[in-house]
Structure formats: C-alpha cells, structure tokens
Amino acid sequence: MDYNATTPMAPEVIQTVTVAMHEAWGNPSSSYTAGRKAKEIINKARDSLAQMVGGRSQDIIFTSGGTEANNLVIHTALRHFRESQMLAQDGPGEDHKRTVGVAHFVTSSVEHDSIRLPLEHLLKEHIAEATFVPVSKLTGQVEVDDVIAAIRPTTCLVSIMLANNETGIIMPVSELSQRIQILNRTRMATGLPRVLIHTDAAQMIGKGRIDVQDLGVDYLTIVGHKFYAPRIGALYVRGPGDTTPLHPMLFGGGQERNFRPGTENTPMIAGLGKAAELVNKNCEHYEAHMRKVRDYLEEKLEASFGKQRLRLNSQFPGSKRLCNTCNFSVCGLQLKGWLVLSHCKTLLASVGAACHSEKGDRPSSILLSCGIPYEVAQNALRLSMGRDTTKEDVDMVVEDLKQAVAQLEQNSH
C-alpha cells in the first residue's frame, strides 16, 4: 500500500525492456542496422510520452529520473536569468543600466526534496533567493494569489508540484499559469525577465489525465517508477531551446540534441515508452479502479476506528485529490505512525514520503504545513493504492491495523 513511493514494472514493460536488451543493444548514434533499431525505439518512446502529456515529440528530453529533471529546470532558470540580466546591461540607453539582482525562485512549502534541496543549496551559497509559499490550512493547496504575491522583479521560476505525494492534494497549476502569463506580458513590456513555470507531475501520471496545453507550463517532470516504468525519467519542455530556454548541466557526445548528452539507455527508455502507452490506453480505467478501492478503504477505516478517533488528513473541503491516496491518523497517545506500522504483520506503507522514512517519529513537515495538529501528524500513515489493489487487500490491511492498534493499546495499560 505504498505505490506513491514506487511501483513495480508492469509485465508488458518488463517484456519490452527485455526485448530491447536482446535486440536493440546497438549505439543509437551509429548508422548501421543495430544503431538505427535502437534509435527507432527511442523515437517511438518519445512519441508515446509526448502523447501522454499532450505535447510534441521534440518537447521530450530523457533524463535519469525526476531529480535530474527538476535540477535541470532550476539550473536552466538560473542561467537564463543571468543571461537576460547581461543583455539588459548591454542594451542601449540609461533604462537598461539596471543593477543586476540575484535570481529569485518561488515554490511551495510542500514540494519534493528534489526541488526544495537544490533551492536551499543555492540560498546557502548566496547564488539565488527563494520564497517557499505556505499552503492554505483550509484547502491543503498553495493558493494562486499567494504565489503571485511572492513574485518579484527578479523572479525567474515558479515551480509548483501538480499533486502532493503525501496528501494527494492536486494544486491549481492551470489557473496559476494563466495568471503568470498575463503578468509576463507586463514584465516583457517593462524589460523584466519572463517568469518560467514548472510543475513536477511525478504523482499525477497514470492517476489522472495530463495536458500541458491546459496546464500552460513551460516544463513538466515525468518520473517512470511512479507509473509502472523503470527508474528513468523525462522532462517536457515547451519548444526546448527555442520557445523555452534549456541549458545542459552535462557536456558530452551531443545526444538529446545536446540538452542531455550521454549514450541513451535504450532498454529503459523503451520501458518508459511502453508504460506511457499503457497510460494512454487505460488511464480512465486505472483512475476509476484506484478511486473505488481508496474510497472503500476510507469507509472501512471509519467503520473500524470510528469517526471520533479517525482523522482523514488528506480530505480538504473543495480540494481535488489523487484517486489513490489516503493519509490518516488513528488518535491515541501510543499510536505513532511508525509504531503502528512496526506492529503490522502484512501492511507495507509509509508514515510520509519514502525518502524521509529514516526520520523516526518526527511528524511530516508536509502535514504540519497543511495545518494538521502535531499530535495527529505524529500518528499519520500514508496508504496509496495501485492498479491491482483489491477490496480483499483492503480488508486484510484494515484487520492488520486493528490488531496493531489493539496490541499497542494493551501494552500501554
């Protein structure tokens, strides 16, 4: 019950990877048959990913995963800001002799570490400034007005995740992009740099339709292992290097149009393409199934522990959320999330993001940011459904939780 942390590869994906390992081992940059075969596979995967997010094939850049894609966006925004500042300095007339400011980033207080930590690093090194906009305690969302209010003349990038990995709350990215595009028209007229827009869509893919035209973003991060693909990723860029800046972090053999050099990992890219095909075909079915099982889980939890004792941390009135995510706490002094999990016999789940699982009984900063009281957040568990999770699985998990809670309460007397 921890599919937000990672997913197994789909059988069709494993088969595709295996075939590519056998048959497409040639270097994709080579002109002979084995190389051309590998190149074809990569191009087909790029087409499938583009279709999955509503972009064009040339807008997809393959990366090693979500962390690299997110760092690439931050690196690009910083460099683009510096270049636009230099152009402003060199322009004619006194108006252009601006004092060069430090690049400023806007993000939310509930982002993944692969956004938060690079920005904290830039802050520490005095290379950039950043504003971490808190989410609303009423909606669990970052509010559009708050993000717009945080934008400064030196802002180069706004990065807001599409859906939160712990609460499942879906962020108002489309509305935010529309507001920033209006703002950008004014900024361009006054010589200020354009604010670039990025969303990390790691949790949303395969759980809801994604359309970059509707979202209005410049960049979107794709993470394979969250939708039954291998541990590889991609970055959607709206017209890379042309409409939207993209600066490489690596330099080498010129692959991925020089944006991300290094001999392509053909089998993993083939697997990512196959997983995207499955999403393109079955997304509505996946979403409906996971929502049905998640709703059943929440009903069973309420029936088992009672509405007074159970706090559903991922339910915020009026906010949309992922179809598969249930974050909850059973109230009680001895019922810290990690303790409950350690007394479960079959349940595999998280107390928050998998990358924070070593932090012991400190409650999730994400939940605290959303206004969940400390003692409730300490008891939190995140259960996330997969494509194959059944109501029978839910029954088994709830029984397991009941025995764990009963055991802990008995031990405390």
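A: In this predicted model, helix 8 (residues 266-305) lies across strand 8, strand 9 and strand 10, and runs at about 10° to strand 9. These three strands form an open sheet in the order 8-9-10, with antiparallel pairing. Its edges are strand 8 (310-312) and strand 10 (380-384), each of which pairs on one side only, and from one strand to the next the twist averages 30°. Strand 9 (residues 325-330) and strand 10 run antiparallel and are joined by five bridges, with S329 standing opposite A380 of strand 10.

A second open sheet is built from seven strands in the order 1-7-6-5-4-2-3, and here the pairing is mixed. Strand 1 (60-63) and strand 3 (128-133) each have a single partner strand, so one side of each is left without a neighbour in the sheet. Neighbouring strands of this sheet are turned by 20° against each other on average, direction ignored. Within it, strand 2 (residues 103-108) pairs with strand 4 (residues 155-159) in the parallel sense over four bridges, and V106 has V158 in strand 4 as its bridge partner. Helix 2 (residues 33-53) packs on this sheet, where it touches strand 1, strand 6 (219-223) and strand 7 (233-237), and the direction of helix 2 makes about 115° with that of strand 1.

Helix 4 (residues 113-124) has 12 residues and reaches 16 Å from its first C-alpha to its last, close to the 16 Å expected. In helix 4, the buried residues include D113, I115 and L119, and the helix is followed by H126, whose phi is positive, near 60°.

How values were computed
Residues are numbered from 1 along each chain as its sequence is written. This is a predicted model: local features need pLDDT of at least 70, side-chain atom pairs count only at pLDDT 80 or more; totals for chains, interfaces and linings use all residues. Side-chain values use heavy atoms; hydrogens and water are left out. Helices (H or I, at least four residues) and strands (E, at least two) are DSSP runs, numbered from the N terminus. The expected span of a helix is 1.5 Å times one less than its number of residues. Buried means under 20% relative accessible area, exposed over 50%, partly exposed in between (1.4 Å probe, protein chains only). Two strands pair if DSSP finds at least two bridges between them. Axes are lines fitted to C-alpha atoms, for helices over the stretch in contact, and angles run from 0 to 180 degrees between N-to-C directions. Contact means heavy atoms within 4.5 Å.
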